[in-house]
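The points below follow the displayed model.

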Amino acid sequence: MKLQNIVVLVTGSTSGIGKHCALLFAKEGAKVVINGRNKERGTAVLEEIQAHGGEAIFVPGDVMKEEDLQHLVDETIQTYGKLDVLVNNAGIFKLLSLEEMSEEDFNRIIDTNLKSVFLLTKKAMPHILKSHGNILNISSVAGLKPSIGGYAYNTSKAALNMLTQVLAKNYAAQGIRVNGICPGIIETPILPVSDKESLEKLAQVVPMKKNGEPDDIAYAALFLISDEAKYITAVNLPVDGGFPRI
């Protein structure tokens, strides 16, 4: 029970990596705040946690809406009285050519993957400071290397990696750790392909010759937010099977 009585807020936790993080954190004793736009999926995650004896609430909301972010923090404090760990996981993936990418596409990706993290962190930080907690940002290996069509996506993740380190530098003296994880190819709904043949082709670019699973990220996240990582900050940890970075 590495997270006994720890309150953890995980954005985008109704599916994929966020869902698996929420389930694992609850298993390790955390009180989990689940967040996402889909009420049906959010309720399903909540019921799964409760069925295994865990404690959680589901707060629906869109990270693109600042009022939803404020409501998310307010509900967390109202329910549990504190916030120990913020996991910024919500994000969107889209690759487009320069000709295809509209200003609206670019802004939506940047606002979801980067601006929402800044805004929620800003709202959550006073509570993180009170609890001497920490923050974890789920980024991507796309923030470490360029991709074809990654004008907005790769840029948003590279900026998120830097935001993680800037936050870590600014709050280290106050005992607040801020880290990131850079997943590689993880088999989640965000992938643009889902058929077996396409997934096997993707795996061939990975040195380990296999794609990752959501739990691979969840266990790395568990380590980084736990006291086992109490001397680790400003890290953007690749969890990618050795995915090429050039």
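Is Tyr153 buried or exposed?

1. Tyr153 is buried, as its relative accessible area is 7% (buried means under 20% relative accessible area, exposed over 50%, partly exposed in between, with a 1.4 Å probe and protein chains only). The model is predicted: local features need pLDDT of at least 70, side-chain atom pairs count only at pLDDT 80 or more, and totals for chains, interfaces and linings use all residues. Residues are numbered from 1 along each chain as its sequence is written, and side-chain values use heavy atoms, with hydrogens and water left out.

2. The structure holds one aromatic pair (rings of Phe, Tyr and Trp, the last by its six-membered ring, pair if their centres lie within 6.5 Å; planes under 30 degrees apart count as stacked, over 60 as edge-to-face and the rest as tilted). Phe93 and Tyr153 form this edge-to-face pair, with 4.8 Å centre to centre and 85° between the planes. Phe93 is partly exposed, at a relative accessible area of 30%.

3. Helices (H or I, at least four residues) and strands (E, at least two) are DSSP runs, numbered from the N terminus. The axes of H4 (residues 103-131) and H5 (residues 153-171) come within 8 Å and cross at roughly 20° (axes are lines fitted to C-alpha atoms, for helices over the stretch in contact, and angles run from 0 to 180 degrees between N-to-C directions). H4 and H5 are therefore roughly parallel to each other (angles under 35 degrees count as roughly parallel, over 145 as roughly antiparallel, 65 to 115 as roughly perpendicular and the rest as oblique).

4. Residues of H4, including Ile109, Leu114 and Phe118, meet residues of H5, among them Tyr153, Leu160 and Leu167 (contact means heavy atoms within 4.5 Å). By class, 13 nonpolar, four polar and one charged residues make up the contact of H4 with H5.

5. Helix H1 (residues 16-27) packs on helix H2 (residues 39-51) at an angle of about 20°, their axes being 10 Å apart. H1 and H2 are therefore roughly parallel to each other. In this contact, Lys19, Ala22, Leu23 and Ala26 of H1 meet Val45, Glu48 and Ile49 of H2.

6. Asn89 is found in the loop between strand S4 (85-88) and H4. This residue counts as buried, at 12% relative accessibility. Leaving aside neighbours within four places in sequence, Asn89 is in contact with Val10, Thr11, Gly12, Ile17, Gly18 and Ile138.

Note on methods: Nonpolar A, V, L, I, M, F, W, Y, C, P; charged D, E, K, R; others polar.
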